[in-house]
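User: I would like to learn how to read cores, sheets and ring pairs in a model. Please take me through them one at a time.

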Amino acid sequence: YRLDAAIPTLDASFVKITSPVVNNYTSKFYSIDFNICDGNITPAVDIKNTGNTVISTMEIDYALDGGVHTIYNWSGTLAPGNTASVTLPQGTITYGSHQLDVLIMVVNGATDDIETNNRMMGSFLAIAPVQSVPFSEDFSSPAFPPTNWNYVNFNPNNKMSRSSVSGFGIGNGSIKMDHFSGSVDITGQKDYLIMPLLDFSAVNSNAYLYFDVAHAQYTANTVDELDILSSFDCGETWTEIYNKSGAALATAPIASSAFTPNAALWRNDSVNVSSFGGQSEVMIMFRS
C-alpha cells in the first residue's frame, strides 16, 4: 500500500547534538573523542524546520544528568526545510561521565505538530583538570580507574581491572587487561586507559614516559597488542608513539592458562616524549 503523509504545518526537529561530542543515549557508553577539557560545557545543536511554516521563535530546554534544567529562547528566521545551528548557554561541569538531554518545548509560541522528534540525548566524558609533571601512578589504590583517569571499553566479558600484582614485585598494584577469560571471541577488540591531562609547558628536553609491562602469548600465532597514543587537542586527534605486539610484546613464555606474572616476568619500557615540551595539555592513552 502507499501512504502519503502531509507535511506538518508547524514542526521543528533535532538533527544533531554538535557539542559536546556525544555517543548513544546512556552515560555508560563512551568514546575516546573528547572535547570537554576545561571544566565548562557549551552545548550546541542543529535544528531543522520540518514543517511548512517559517519558524521565528523556539524555547529549548537542556539538562545534564537529569539535574537543573536551563531554558534558552531562540529567535530568528528558519524557513521550511532549512537547518539552524543553536548554541546554548555555557555551564560548569565536573569530570567524569555525563548525559546531555535537549528538548524543544515551544515553537512560535505554540506546541508543534509532531513532538516525537523534539528530544535528543547523548553521553560524553569530561576530563579532569590538568596536572603537572613529573607525574607518577603506582596503582596502589583499589579504585579503578584511578582518580582522574578514564577507561573506555565495549565488551563486559573481557576488560581492564586493577590487580594487586605489581611490576617486578615492587609496590602494590598494576592494571591488567584480560584477553583470556570467557567464551566470547574478542578478536579486534580495543580497550583504552587514558591518563589525566598533563602540563608539559615547562619541559624542554630529555622527557620520558616509563612503565613496566608483562605479557604472555596464548600461542605462537596469537597477537595481542599494546599501543600508546598522545593527543594535544583534548582527544580530537591521536598520534601513536609506541607499538608492540605478539612476541615483541611478550615478556614470558607462551601460556595456555590465565597468566599472572611473577616478579621476574616484567620488562621496563619507555617512550621519549621530549617532543611534548611546550604543550600545556597533553593526553596519553594506553590502548590494548
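Predicted model: local features only at pLDDT ≥ 70, side-chain atom pairs only at ≥ 80, totals over all residues.

User: Which residues of the largest nonpolar core touch the most other members?

Analyst: A nonpolar core is a set of buried nonpolar residues joined through side-chain atoms within 4.5 Å. Here the largest one has 26 residues, and Phe14, Ile47, Ile55, Met58 and Val102 touch the most other members. At least two residues of this core come from each of the strands E1 (12–19), E3 (44–49), E4 (55–64), E5 (69–78), E6 (83–87), E8 (96–107) and E9 (119–126). The most comes from E4, which gives 5 residues.

User: What is Phe14 in contact with, leaving aside its neighbours within four places in sequence?

Analyst: The contacts of Phe14 include Val45, Asp46 and Ile47, as well as Ile60. Val102, Leu103 and Ile104 are also among them, and so is the run Asn117, Asn118, Arg119 and Met120.

User: In what order do the strands of the open sheet run, and why is one side of E5 and of E9 left without a neighbour?

Analyst: Strands of a sheet pair through backbone hydrogen bonds, in a parallel or an antiparallel sense. This open sheet has 4 strands in the order E5-E4-E8-E9, and the pairing is antiparallel. From one strand to the next, the twist averages 25°. The antiparallel pairing of E8 with E9 runs over 8 bridges; in one of these, Ser97 has Leu125 in E9 as its bridge partner.

User: How many aromatic pairs does the structure hold, and is the pair of Phe144 and Tyr151 stacked or edge-to-face?

Analyst: There are 8 aromatic pairs. Planes over 60 degrees apart count as edge-to-face. Phe144 and Tyr151 are at 65° between the planes and 5.2 Å centre to centre, an edge-to-face pair. Phe144 is partly exposed, at 26% relative accessibility, whereas Tyr151 is buried, at 11%.

User: Why is the pair of Tyr208 and Tyr210 stacked?

Analyst: Planes under 30 degrees apart count as stacked. The planes of Tyr208 and Tyr210 are at 25°, with the ring centres 5.7 Å apart, so this pair is stacked. Tyr208 is partly exposed at 36% relative accessibility, and Tyr210 is exposed with a relative accessible area of 54%.

User: Which residues do ring pairs link into a cluster?

Analyst: Phe200, Phe232 and Phe276 are linked in this way.

Methods: Residues numbered from 1 in each chain as written. Heavy atoms only, no water. Buried < 20%, exposed > 50% of the residue type's maximum accessible area, 1.4 Å probe, protein only. Contact = heavy atoms within 4.5 Å. Pairing = 2+ DSSP bridges. Axes fitted to C-alpha atoms, helices over the stretch in contact; angles between N-to-C directions. Phe/Tyr/Trp six-rings, centres within 6.5 Å; stacked < 30°, edge-to-face > 60°.
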